[in-house]
Amino acid sequence: MKTACFITNCSVDSALTLRRWVDTHSDETIRITVVHPYGVDAGITLNKETCRKAYKHATARLAHWLANLPTL
């Protein structure tokens, strides 16, 4: 089984790109790891709560992106 890594900004364009790629490789079994990097704004103190909020926001954004992927 092949493995691929897909880094996304959770945009519609990236979802369409992944969808097209999967459609063109439908004859292969591929394990895809989707990565959505997240961070904090400049000037904000980096602490446990700041990281928790950024992680929660990124996780929600990625979940929404993944939920819409099959409908594109």
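This is a guided tour of a predicted model, going from the whole chain to single residues.

**Whole chain**

Turn the model along its principal axes: the C-alpha atoms fill a box of roughly 50 × 25 × 15 Å. The radius of gyration is 15 Å, whereas a compact globule of 72 residues would have one near 11 Å.

Buried residues make up 18% of the 72 residues. Of the contacts in the chain with a separation of 6 or more, 73% are between residues 24 or more positions apart.

**The largest nonpolar core**

Select Phe-6, Cys-10, Ala-15, Leu-18, Leu-62, Trp-65 and Leu-69, and show their side chains. These 7 residues form the largest nonpolar core. Helix α1 (12-24) and helix α2 (48-68) each supply at least two residues of this core. In soluble globular proteins, nonpolar side chains tend to be buried together.

**Two aromatic pairs**

A search of the whole structure finds 2 aromatic pairs. For one of them, select Phe-6 and Trp-65, whose rings are stacked at 6.2 Å centre to centre, with 10° between the planes. Phe-6 sits in strand β1 (residues 2-7) and Trp-65 in helix α2, so the pair links parts of the chain that are distant, 59 residues apart. Both Phe-6 and Trp-65 are buried.

Now move to Tyr-38 and Tyr-55. This aromatic pair is edge-to-face, with 5.8 Å centre to centre and 65° between the planes. Tyr-38 lies in the loop between β2 (30-35) and α2, while Tyr-55 is in helix α2, 17 residues apart; this pair too links distant parts of the chain.

Are these two tyrosines buried, exposed or partly exposed? Tyr-38 is partly exposed because its relative accessible area is 47%, which falls between the cut-offs of 20% and 50%. Tyr-55 is partly exposed as well, at 48%.

**Along helix α2**

Stay on helix α2 and select Thr-50, which is found there. Why does Thr-50 count as buried? Its relative accessibility is 15%, and buried means under 20%. Show its neighbours: leaving aside those within four places in sequence, Thr-50 is in contact with Val-40, Ile-44 and Thr-45.

Next select Lys-56, also in helix α2. Lys-56 counts as exposed because its relative accessibility is 63%, and exposed means over 50%.

Key
Residues numbered from 1 in each chain as written. Predicted model: local features only at pLDDT ≥ 70, side-chain atom pairs only at ≥ 80, totals over all residues. Heavy atoms only, no water. Core = buried A, V, L, I, M, F, W, Y, C linked by side-chain atoms within 4.5 Å. Buried < 20%, exposed > 50% of the residue type's maximum accessible area, 1.4 Å probe, protein only. Helix = DSSP H or I, 4+ residues; strand = E, 2+ residues; numbered from the N terminus. Phe/Tyr/Trp six-rings, centres within 6.5 Å; stacked < 30°, edge-to-face > 60°. Rg over C-alpha atoms; globule rule 2.2 N^0.38 Å. Contact = heavy atoms within 4.5 Å.
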